[in-house]
Amino acid sequence: MNGKKEKVKLLGLPEDNNWVLLAPYHDRSLIRDPLVYQLSRPYFEFTPKCKLCEVILDGIYYGVYILCEKASKGENRMNFTDPGDIGDELTGDYMVEIDRDNEPHFVLKNKMYDHDICAKYNFPEYEEMTSEQMAYIKQRFDEMEDVLNSDDFADKENGYSKYIDVENFINYQLMSEFCQNPDAYRLSTLIYKRRDSVDPRFKITPWDYNMAFGNNIAAGDFIYEQWVYEKGQQAGLLGKLPVPFWWKRLTEDEAYWNRMKERWTELRNSTLGDQYVTEMIDSLVNEVTIGGACERNYQAWPIWDKEIPLAPTTATNYSEEIALMREWIKKQVAWIDGQLGFAPTSILSIHDAPASSPINPLTEASTYTKAIRKSSNNDTSQRA
């Protein structure tokens with residue numbers, strides 16, 4: 001209206017004017033993104049809420065999509081404050097995305113295998129940033145990398161903990177390894193910083209998990225029984241997109257590594273417990289199958305015998321896809337347990353999880369609904 005983006009509520013999610021409609025074509029399970037978001041939610045300042053839905057546009061059935069919040073400025077999202085050009089206002093708020101170089105970006109100070117690592121401007125948008133703001137956020141990353149490269153990188157006062165929220169980075173690292181996200185650390189990695197007077201440290205918010213849980217067969221295959229941060233620190237899945245050196249460097253600090261071990265035990269006794277994860281998967285699978293949405297989706301998109309770039313072709317139907325994902329998670333979690341010294345003797349059930357965790361996934365993770373439509377024409381005989 002009048003050229004302005006109107007804030008709206010969609011499918012019960014808090015109002016905003018910035019939404020993402022994800023097409024899970026690469027993810028035959030349809031639930032990888034919602035699953036990771038739900039399991040991550042208690043541990044991050046912001047994790048996108050999403051709803052599974054079926055899209056019908058002008059009477060044409062497009063299949064199952066994921067309506068998703070975007071990490072953005074709004075008060076129901078990241079609640080960012082616009083930065084200024086001087087003093088404390090210059091120090092925040094900012095968000096950049098470690099990703100490809102296909103949008104306006106700056107290059108991090110340290111290359112990996114002679115490849116640049118790029119950080120795209122996310123907030124404020126590039127067109128809205130001043131030269132002072134661009135220089136400041138680049139300088140802040142340079143300072144962090146200089147410290148991580150130094151002999152005293154683990155110093156308690158002037159080391160890396162001055163620049164990063166250590167608990168946040170550990171949560172991000174463990175969730176990335178739990179689901180073996182091949183894009184973790186090096187692509188779709190949203191890093192933000194608030195004003196120094198609020199919090200001077202970098203933090204990360206979760207995003208983009210459609211290739212997680214073994215859903216990737218690219219060269220240099222990311223499989224279980226190896227750390228993503230080590231594998232990805234090499235030439236990278238696509239040959240030019242390696243993981244920044246930070247993550248390997250952080251694990252070289254004994255205090256950081258010990259806290260990773262402690263944190264993994266805490267996660268395994270809560271929302272990454274075997275029964276909790278199983279029931280979360282069950283609830284999401286139920287959402288896309290009980291009303292027939294999954295069946296309709298794969299009638300419109302009969303892809304089980306088709307090759308999808310980078311995706312495995314092992315499963316021949318939806319039940320097999322979910323079974324393979326469950327087995328993959330079982331093996332991956334067992335390997336991490338061994339690496340981080342966790343003995344799964346008594347895993348809590350979903351009903352015993354912390355109060356801050358998503359006890360009832362059906363109220364937030366996803367819901368079957370024919371919701372995104374432009375017309376009231378319900379003819380679904382045509383396919384996209």
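1. Start with aspartate 337. Leaving aside neighbours within four places in sequence, aspartate 337 is in contact (heavy atoms within 4.5 Å) with Trp264, Arg268, Phe342 and Pro344. Aspartate 337 belongs to helix 10. Aspartate 337 has a relative accessible area of 6% and is therefore buried. Buried means under 20% relative accessible area, exposed means over 50%, and partly exposed lies in between, with a 1.4 Å probe and protein chains only.

2. A word on the source. This is a predicted model, in which local features need pLDDT of at least 70, side-chain atom pairs count only at pLDDT 80 or more, and totals for chains, interfaces and linings use all residues. Residues are numbered from 1 along each chain as its sequence is written, and side-chain values use heavy atoms, with hydrogens and water left out.

3. The overall picture. The protein chain has 10 helices and 11 strands. Helices (H or I, at least four residues) and strands (E, at least two) are DSSP runs, numbered from the N terminus. Of the 384 residues of the protein chain, 54% count as buried. Take the contacts in the protein chain between residues at least 6 apart in sequence: 72% of them join residues at least 24 apart.

4. Helix 10. Helix 10 has 23 residues and spans 33 Å from its first C-alpha to its last, close to the 33 Å expected at 1.5 Å a residue. The expected span is 1.5 Å times one less than the number of residues. Its buried residues include Tyr318, Trp328, Trp335 and Asp337. Helix 1 (32-40), helix 4, helix 7 (254-268), helix 8 (274-289) and helix 9 (293-300) are among the elements that cover them.

5. Helix 4 against helix 10. The axes of helix 4 (residues 166-178) and helix 10 (residues 318-340) come within 9 Å and cross at roughly 135 degrees. That makes helix 4 oblique to helix 10. Axes are lines fitted to C-alpha atoms, for helices over the stretch in contact, and angles run from 0 to 180 degrees between N-to-C directions. Angles under 35 degrees count as roughly parallel, over 145 as roughly antiparallel, 65 to 115 as roughly perpendicular, and the rest as oblique. Helix 4 contributes Leu174, Glu177 and Phe178 to the contact; helix 10 contributes Trp328, Ile329, Gln332, Val333, Ile336 and Leu340. By class, this contact has 7 nonpolar, 1 polar and 1 charged residues. Ala, Val, Leu, Ile, Met, Phe, Trp, Tyr, Cys and Pro count as nonpolar, Asp, Glu, Lys and Arg as charged, and the others, Gly among them, as polar.

6. Glutamate 167. This residue lies in helix 4. Glutamate 167 is partly exposed, with a relative accessible area of 28%. Neighbours within four places aside, glutamate 167 is in contact with Arg259 and Arg263. Glutamate 167 and arginine 259 are 92 residues apart in sequence and 8.5 Å apart in space, C-alpha to C-alpha.

7. 5 strands form an open sheet in the order 7-8-6-9-10, with antiparallel pairing. Two strands pair if DSSP finds at least two bridges between them. Strand 7 (105-107) and strand 10 (203-205) stand at the edges, each with a single partner strand, so one side of each is left without a neighbour in the sheet. The twist averages 35 degrees from one strand to the next. Strand 9 (residues 189-193) and strand 10 are joined by 3 bridges. Isoleucine 191 stands opposite isoleucine 204 in strand 10.

8. Helices on the sheet. Helix 3 (residues 131-149) packs on the sheet and touches strand 6 (94-99), strand 7, strand 8 (118-123) and strand 9. Its direction makes about 60 degrees with that of strand 6. Buried residues of helix 3 include Met134, Phe141 and Leu148. Helix 4 lies across strand 9 and strand 10, at about 35 degrees to strand 10.

9. Backbone points to check. Most residues other than glycine have a negative phi, and most peptide bonds are trans. A cis peptide bond joins glycine 92 and aspartate 93, with omega about 5 degrees. Another cis peptide bond joins phenylalanine 123 and proline 124, with omega about -10 degrees. Phi of aspartate 208 is near 75 degrees, a positive value. Aspartate 208 is buried, at 18% relative accessible area. Leucine 310 has a phi near 75 degrees and lies in the loop between helix 9 and helix 10.
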